[in-house]
Amino acid sequence: MRLESLALAVAIGCLGMSVAVAQEPQVVRQEQMKAIGQSMGALGAIAKGEKPYDAAVVQTALEGISTNAKAFPDQFPAGTETGAETEAAPVIWENMADFAAKAEKLGAAADTLLASVPADQAGVGAAMKTLGATCGDCHEIYRVKR
């Protein structure tokens with residue numbers, strides 16, 4: 001019985017992965033950006049004192065930002081400039097090297113913070129300033145203002 005349950009779980013997991021792999025880049029990049037936003041929200045709640053400091057939450061948030069920021073530029077192949085209510089500015093495809101560099105800068109900032117995870121609310125606040133400025137640099141140029 002356990003073997004059947006395990007086989008079923010593996011099969012369901014593979015189906016879920018095949019659906020994720022088949023998603024349009026616009027959808028994947030929106031999910032990545034939402035994940036970064038959720039991570040920033042978790043850090044912001046700690047920085048503002050809305051949530052208590054929790055090192056595990058901080059580390060998970062920073063890992064999510066790092067992972068998603070580094071993978072983000074891969075979701076902008078030619079031909080994906082429109083669709084799925086994208087907020088990606090057309091200038092991304094005109095200046096992909098700079099766009100990718102900005103994403104890498106965010107990933108590197110998160111990695112630097114991961115090397116010495118902020119130890120308290122004040123540290124998380126300082127981390128938010130660093131990450132927020134990096135996010136803003138990219139959004140200013142590469143996100144369609146609505």
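1. Lys 70 is partly exposed, with a relative accessibility of 38%; by the convention used here, buried means under 20% relative accessible area, exposed over 50%, and partly exposed in between (1.4 Å probe, protein chains only). The model is predicted, so local features need pLDDT of at least 70 and side-chain atom pairs count only at pLDDT 80 or more, whereas totals for chains, interfaces and linings use all residues. Residues are numbered from 1 along each chain as its sequence is written, and side-chain values use heavy atoms, with hydrogens and water left out.

2. The side chain of Lys 70 forms a salt bridge with that of Asp 111, at 2.5 Å from N to O. Asp 111 belongs to helix α5 and Lys 70 to helix α3 (residues 55-71), so the pair ties together parts that are 41 residues apart in sequence. Helices are DSSP runs (H or I, at least four residues), numbered from the N terminus. Asp 111 is itself partly exposed, with a relative accessible area of 30%.

3. Across the whole structure, four salt bridges are found, the criterion being a side-chain nitrogen of Lys or Arg within 4 Å of a carboxyl oxygen of Asp or Glu. One of them joins Arg 143 and Glu 87, at 2.9 Å from N to O. This pair links distant parts of the chain, 56 residues apart: Arg 143 is in the segment after α6 (121-142), and Glu 87 is in the loop between α3 and α4 (91-94). Both partners count as partly exposed, Arg 143 at 38% relative accessibility and Glu 87 at 33%.

4. A further salt bridge pairs the side chains of Asp 98 and Lys 102, at 3.7 Å from N to O. The two residues are four apart in helix α5, which means that about one helical turn separates them. Asp 98 is partly exposed, at 25% relative accessibility.

5. Ala 100 also lies in helix α5 (residues 96-115) and is partly exposed, at 27% relative accessibility. The C-alpha atom of Ala 100 is 9.8 Å from that of Cys 138, although the two residues are 38 positions apart along the chain.

6. The search of the whole structure finds zero disulfides, a disulfide being a pair of cysteine sulfur atoms within 2.5 Å. Cys 135 is in no disulfide, and the nearest cysteine sulfur, that of Cys 138, is 8.3 Å away. Cys 138 is likewise in no disulfide. Both cysteines are buried: Cys 135 has a relative accessible area of 15%, and Cys 138 has a relative accessibility of 13%.
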